[in-house]
Amino acid sequence: VPALSVPHSSSPGSQPGSKHSMAARSSAQARVSCSDSFTLAGKRSIDELSDSENEGFPSDETEQAARKKIRLSDERAGEDAEECYKTFHAGDFDDRMHPRNIYFKCQPNFAELAKKYPSFSKHMIQQDDGKSFLNWKDVQAHVELTKTLLQEDFKISWSIPPDFLCPPIPQRLNYIHWIEDLLAGPVEVETKPAHSLKIPPQARGVDIGVGASCIYPLLGVRSQPGWKFLGSDINKSSLESARENVKRNGLEGNIEVRLMDNKKRLLVDLLKEEDGEFDFVMCNPPFFSSMAEARNASHVRACSGNLDEMVADGGEVAFVCRIIEDSKKLQTRIRWYTSMLGHRSSVKTIVGEAKAAGAKQVKTTKFFQGKTVRWAVGWSFHAQEVKQATCHFIRAESKDEVIKEIDDFVRQTGGIELGWDESLCGEWLQGHDMNRLWKAIGHGKVLQETWTRRARRQQKKQSSGEAQDKGEKGQEVFSFTLLLQTRGSEGAELTEWQASLWLLPSPLSPSTADTQRLFDSFSTVLFKVLNV
């Protein structure tokens, strides 16, 4: 995706002769963002609330056990009802998926697929009114659905042996797209629509527990043909099936799989010196500590799977902690370490362990597919590539008035260029629940240090001929991106805002300690203008 070309000029809404405001001229069609980071001052994020010990958990073990018993009873009873089939049929492809997921707000037409694929049609149940739906209680129906979707939408020829986990395609795609977001970086994710991100065309990843399906490498390479994967597994039958899936699709040059000893370290003993560096690690770990626990959790939909795929000593937390332990040794050899989690209660523990290991960045997200929710944690020992400053504020003025205040600050301060990207200004849909936000995005340059006391002193000296000001006119001191976003109706008396400012890396203006100091002082002065 080519970079956006943005002129460095004042706001279109404040240009002489401008007939309409920026808000009025923005496109009526909402842009969809893959970010969910908008938070309000003094409030925790959605993920933090979800992972809180006191949020949504019963107060004692007795009450928790009672609620669980009622929930299991109700769900098993509902499973036998025909309405439950319809709910799962409609709910497996919903609008909370990642915006780049091809099934986002676009459910496959099962009836048409059944006409095209006879093996899939065998698992459709016909009703008296002529309508049909998939028999979700049949394990083989899940296998045929996965096989059909992979062939129809990705041109992937695929199969797995009996009694191995069958992956739900939309949810696995969510994970791949989140990896893309991590590699694209926060500025891309926050300031561009989901389908406009500059995703690295070349990347190398490790899939711990690649499984018989080899699903992540297959989907990853189909989504990003320049990506390469190294998959590992402890089960020989899984590796044989994975190799067959790679071979039948002619992807041997992109995907390699290796057998691992369960007693060895997951990454340190897997990677050879000649393997070099990797961009990411992904993992769908065994969620459970025993098969009994796994069987209790599989009541909602049909599920197959063997011991190696579903169970590990200590469950998913202990398994992911093994990855964290390896990451402490490998450090920056891998840019992002990530893992999916099956239990909300595990997120807080894994985040804490990653931070304790010294990770400089920790990210969390959720993957949705119908009634199923999965969580994921990513951590990195690389410092964030771009320096960021964020401010929350509440204003009574309109959007155009807030924009005008920034333009006035730029004009009066001098030595700064700022251009607003009208193509990105307007309503956005953002977050797992697709909340409506209004965004304005500007790109700018600081040509001179004009807002500090030191600058004013230098200007006095320059006017008296004693010294020349640091930073000649036209010379870039640093470049930046400014994001303004607000939620709230246009007629509200008070509107909640969030401003984010990024110091962008540039070969013309390397990010030195002095540059970062100037960026900090610039963001402080700008945020004071907004937070009045």
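I take two strands as paired if DSSP finds at least two bridges between them. Helices (H or I, at least four residues) and strands (E, at least two) are DSSP runs, numbered from the N terminus.

The model is predicted: local features need pLDDT of at least 70, side-chain atom pairs count only at pLDDT 80 or more, and totals for chains, interfaces and linings use all residues. Residues are numbered from 1 along each chain as its sequence is written, and side-chain values use heavy atoms, with hydrogens and water left out.

Sheet. I traced an open sheet of seven strands, ordered β6-β5-β4-β7-β8-β10-β9, with mixed pairing. β6 (255–259) and β9 are at the edges with a single partner strand each, so one side of each has no neighbour in the sheet. On average, neighbouring strands are turned by 20° against each other, direction ignored (axes are lines fitted to C-alpha atoms, for helices over the stretch in contact; angles run from 0 to 180 degrees between N-to-C directions).

Pairs. I looked up β4 (residues 203–208) and β5 (residues 227–233), which pair in the parallel sense over six bridges. Asp-207 has Gly-231 in β5 as its bridge partner. β9 (residues 361–369) and β10 (residues 372–380) pair in the antiparallel sense over nine bridges. These two strands form a hairpin with two residues between them, and Gly-370 in the turn has a positive phi of about 60°.

Helices. I found α10 (residues 215–223) lying across β4, β5, β6, β7 (278–283) and β8 (334–341), at about 175° to β5; contact means heavy atoms within 4.5 Å. α11 (residues 236–248) lies across β5 and β6, at about 165° to β6.
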